[in-house]
Amino acid sequence: MSDVFDLVIVGSGPNGSIVAREVHERNPEARILVIEAGPMITGVAGEHLVEVDENAMNASYEDLMRRARQIEYVKGAMVEIEGDGWNAESTGVFPAAFFGHDFSQFPGASVSWNIGGMGVHWTAATPWPYAEEVPDFLPRQEWDADLETARSLLRTYVGPLVDNPFTEPIFAAIREAVPSPDPEREFGYMPMAGIPHVDRPFARTGPRDIAPYLFDASEPNVQLRTGLFVTRIHHDGSTVTGLEVRDLATGETTTISGRRFLIAADALRTPQLLWASGIRPEALGVRLNEHASIDGDVEIDAARFGLSGADIPTPPPGEPFIGSYWSPSVGAERPAHGQLMERAFDGKHVLGVGWYCATEIRPENRIEFSDEQHDALGMPRMTVHFSYSEKDMEVIRQTMQVQRAAANAVGDFPDQDSEILPPGASLHYTGSVRMGPADDGTSVVDTDGRVWGFENLFLAGNGVVPTALTCNATLTGATLSVRIARAISAGI
Ligand SMILES: Cc1cc2nc3c(=O)[nH]c(=O)nc-3n(C[C@H](O)[C@H](O)[C@H](O)COP(=O)(O)OP(=O)(O)OC[C@H]3O[C@@H](n4cnc5c(N)ncnc54)[C@H](O)[C@@H]3O)c2cc1C
């Protein structure tokens, strides 16, 4: 194989994998290289942790997920796997501050450091964006078709995780407590990416399920190289010629050449790499957005539904959840959605009542990159500026009312049990390299995901999402990745 690749992708998470797959399926002859800094986390590269059992992190996946909170997962994984330090051999998801950044205003933010990115850790909730969440500058038919493709790549499933007599009573109670003006947006099952099983956990979709040949080396035209950290994009201001990579084992630096380049290194490290490379459009890192996370747990009052503790189903071994439910947003009237995870542990039967509400897109919320200070990997140090506006606080208060109404429909939920999690905690950051219809200083990429002013540099991932989401970000980012892959393929 020649050393000049048709497409070089940075990042083996869900978005890098989707673009690799879509471009390969359209152009089987194209030579594609995916570069990943993180090491193996299990013996089966790219597979979701819930699917393999030889790894300490997988063994504890059920435990880590029990709170059904990303932030608890990160804390738990950190303590269990690495003690209190990070180094290049570490694997997992780590607070961004670990790398030496100032994330005091966005303390929940974390990054993955392993093959498959966060896609081997995620809960896999894949609700779809609605109303204002859908970018209005994209042709609607194309959006709808790309959303369907993304759903199918992520294997989105809507239905029960186990047979559960509590489900219908919970549906009825919450539908009454939190009515929806749109029958299509009634409380119901949360769309989940994966396949249900009766004797083993819900098989969450990992990057390996999206593009198996990327991870098992069965397709010579699609290669994965790991342990390589991309430090610079070489370019002349409009054309990228190669990527500078550091071998994390040997420290050796080389250049990888290609015709097209896609950076899918998450919503924080993608803009960081552009900044480090002197690619600094006005909107880079600006308008960082994240829905606010409102959380809580309510004990389900079985007697209220004519049921008892004996009716609580047991999930398959290793599966933390009995049920996964969705209270969809309904547009501007209720720009918030609920992810309600039912589980039984320590003799308790609880419903996690997590709500995400959209926050305003504001330029004040941004990542500042330093030219003087560097992180643990020698990249520009990041400081995140992030706060909630008055309007955000109003929406947060309204969302807490919705959460309390839903929670009190299934049990007793004192007001003080409702909690606002720290910014960054959802791990669903968007907007740092946003897509836009015009090069007007408010976007970094065009509607093909191509960096303004560049002919062969593309970006993908949640950072590209230009709208304020209520929904978990991955499906929306994946929908744009399908679109971006089509544009890249057209030029091959
Ligand atoms: C515990 C947990 C639960 C979650 N639950 C949900 C959920 O239910 N629903 C949902 O929508 N989302 C969820 N998420 C978030 C979801 O996993 C992410 O949205 C998704 O993985 C983003 O995909 P990505 O490919 O853009 O980035 P990532 O998955 O973060 O992958 C980026 C990759 O790029 C690599 N990389 C970065 N910089 C470089 C570099 N310079 N050189 C080489 N490689 C580099 C990283 O090592 C990483 O592997 C969850 C995440 C976690 C951790």
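Which helices and strands each supply at least two residues of the lining of the largest cavity? They are α1, β2, α4, β4 (110-113), β10 and α9, where helices (H or I, at least four residues) and strands (E, at least two) are DSSP runs numbered from the N terminus. The model is predicted, so that local features need pLDDT of at least 70 and side-chain atom pairs count only at pLDDT 80 or more, while totals for chains, interfaces and linings use all residues. Residues are numbered from 1 along each chain as its sequence is written, and side-chain values use heavy atoms, with hydrogens and water left out.

A cavity is a set of points, on a 1 Å grid over the protein atoms alone, where a 1.4 Å probe fits but cannot get out; a pocket is an open set with protein on both sides within 12 Å along at least five of seven lines; lining residues have an atom within 4 Å of a point. There are four cavities of 30 Å³ or more. The largest cavity has a volume of about 820 Å³, a volume being the space filled by probe spheres set on the points, which are joined across faces, edges and corners. Its lining has 49 residues, and Pro14, Ser112, Gly117, Met118 and Asp266 lie nearest the centre. The largest share of this lining, six residues, comes from α9. By class the lining of the largest cavity has 24 nonpolar, 22 polar and three charged residues; Ala, Val, Leu, Ile, Met, Phe, Trp, Tyr, Cys and Pro count as nonpolar, Asp, Glu, Lys and Arg as charged, and the others, Gly among them, as polar.

The ligand sits in the largest cavity, in the sense that more than half of its atoms lie within 2 Å of the grid points. Around the ligand are 36 residues, of which Asn15, Glu36, Met118, Ala125 and Thr474 come nearest; a residue counts as near if one of its heavy atoms lies within 4 Å. In this shell, α1 (14-26), β2 (32-36), α4 (70-82), β10 (228-235) and α9 (266-276) each supply at least two residues, and the largest share, three residues, comes from β10. The shell divides into 18 nonpolar, 15 polar and three charged residues.

A ligand nitrogen is 3.0 Å from a polar backbone atom of valine 230. Ligand oxygen atoms lie 3.3 Å from a polar backbone atom of glycine 117 and 3.5 Å from one of glycine 119. The protein covers 98% of the 1,000 Å² of accessible area that the ligand has on its own, by the Shrake-Rupley method with a 1.4 Å probe.

The largest pocket has a volume of about 390 Å³. It is lined by 19 residues, with Glu132, Pro335, Ala358, Lys391 and Ala468 closest to its centre. This lining has eight nonpolar, five polar and six charged residues.

Technical notes
Polar contact = N/O pair within 3.5 Å; in protein donor to acceptor, adjacent residues only side chain to side chain.
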